[in-house]
Amino acid sequence: MNRTIELVKTIYEIKQLEDIDAPQIALAGRSNVGKSSLVNRLAGRKALAKISSKPGKTRSLNYYRVDPDGYYLVDLPGYGYAKCSKQERAKWGKLIEAYMKDNPRLRAVAVLLDSRLPPQKIDMELTSYVRSLGIPVIPVLTKADKPKQRELAQLQTQWRDILQQDRLPLSFSSKTGKGEEKLWAAFTEAAGA
Ligand code: GDP
């Protein structure tokens, strides 16, 4: 399919949030997890989402419209950057909470997980929070070109058990394009598009 992704809106503050009358799938993950690279890969472009030279500095919500399907991918600011101040962290939490709560158009949150790391507490906290709001989580192991096949398979099983899901998490590599079609399929399904 000839899909296009276009950045249509960027917001920085809660007061800029507006209801968007289209299904949305949010993209969340720790700073440096490979979120910008994933967006760029999906868009088939090199620099649509800025690849972070300074991790933790992107504090905006970016709305990408996916056509012809008509849903939005909403790129949330990365979390868990060690050098972030307490105030910045609190601001992140409030913006994300304001976006996620009472948003019936938010169909799922794709939580990106670094496949080079064992399950991290902060990622589990986020997935628990998302699910406590009744929003499905789509786990995606990023940088899947890095670990050995056996390690990746182990991590997938580990995350499936943590999240108590039937399916194994998707694995994705922005470098090789591995998992791209499956990720699109998961988004299309979740968006009901
Ligand atoms: P973000 O902070 O989550 O937006 O992460 P970036 O997309 O900026 O990526 C962080 C770092 O991980 C960069 O150095 C990327 O080149 C690297 N990276 C991202 N995706 C991949 C991938 O699929 N494979 C490999 N090997 N490296 C990746």
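This is a predicted model: local features need pLDDT of at least 70, side-chain atom pairs count only at pLDDT 80 or more; totals for chains, interfaces and linings use all residues.
Residues are numbered from 1 along each chain as its sequence is written, and side-chain values use heavy atoms, with hydrogens and water left out. Helices (H or I, at least four residues) and strands (E, at least two) are DSSP runs, numbered from the N terminus.

**The sheet**

- Seven strands form an open sheet with mixed pairing, in the order S1-S3-S4-S2-S5-S6-S7.
- Two strands count as paired if DSSP finds at least two bridges between them.
- Strand S1 (4–11) and strand S7 (170–171) are the edge strands, and each pairs on one side only.
- S1 and S3 run antiparallel and share seven bridges. Here Thr4 stands opposite Asp67 in S3.
- S3 and S4 are also joined in the antiparallel sense, by five bridges. Tyr64 has Leu73 in S4 as its bridge partner.
- S3 and S4 make a hairpin with three residues between them. Gly70 sits in the turn, with a positive phi of about 90 degrees.
- S2 pairs with S4 in the parallel sense over four bridges. In S4, Asp75 is the bridge partner of Leu27, and Val74 is the bridge partner of Ala26.
- S2 also runs parallel to S5, with six bridges joining them. Ala26 has Val109 as its bridge partner in S5.

**Buried strands and a buried helix**

- Buried means under 20% relative accessible area, exposed means over 50%, and partly exposed lies in between (1.4 Å probe, protein chains only).
- How many residues of S2 are buried? Six of its six residues are buried.
- In a regular strand the side chains alternate between the two faces of the sheet.
- Both faces of S2 are covered. Gln24, Ala26 and Ala28 are buried on one side, and Ile25, Leu27 and Gly29 are buried on the other.
- S3 is mostly covered too, with five of its seven residues buried.
- The buried residues of H1 are Lys35, Ser36, Leu38, Val39, Asn40, Leu42 and Ala43.

**Nonpolar cores**

- A nonpolar core is a set of buried Ala, Val, Leu, Ile, Met, Phe, Trp, Tyr and Cys residues joined through side-chain atoms within 4.5 Å.
- The largest nonpolar core has 30 residues. Leu61, Tyr63, Leu76, Tyr99, Met100 and Val109 touch the most other members.
- Elements that give two or more residues to this core include strand S2 (24–29), strand S3 (61–67), helix H2 (86–100) and strand S5 (106–114).
- H2 supplies the largest share of this core, five residues.
- A second, separate core has 24 residues, including Leu42, Leu170, Trp184 and Phe187.
- Contact means heavy atoms within 4.5 Å. Leaving aside neighbours within four places in sequence, Leu61 is in contact with residues including Ile11, Leu17, Val74, Leu76, Leu95 and Tyr99.

**One cavity**

- A cavity is a set of points on a 1 Å grid over the protein atoms alone, where a 1.4 Å probe fits but cannot get out; lining residues have an atom within 4 Å of a point.
- Grid points are joined across faces, edges and corners, and a volume is the space filled by probe spheres set on the points.
- The count comes to one cavity of 30 Å³ or more. The largest cavity has a volume of about 30 Å³.
- Its lining is Arg30, Leu113, Asp114, Leu117, Pro118, Gln120, Asp123 and Trp159.

- Glu18 lies in the loop between S1 and S2. Glu18 counts as exposed because its relative accessibility is 53%.
- Glu18 and Tyr99 are 81 residues apart in sequence, and 9.0 Å apart in space, C-alpha to C-alpha.
- Ala153 is in helix H4. Ala153 has a relative accessible area of 36%, so it is partly exposed.
- Ala153 and Ser171 are 18 residues apart in sequence, and 9.5 Å apart in space, C-alpha to C-alpha.

Conventions:
On a 1 Å grid over the protein atoms alone, a cavity is a set of points where a 1.4 Å probe fits but cannot get out, and a pocket is an open set with protein on both sides within 12 Å along at least five of seven lines; lining residues have an atom within 4 Å of a point.
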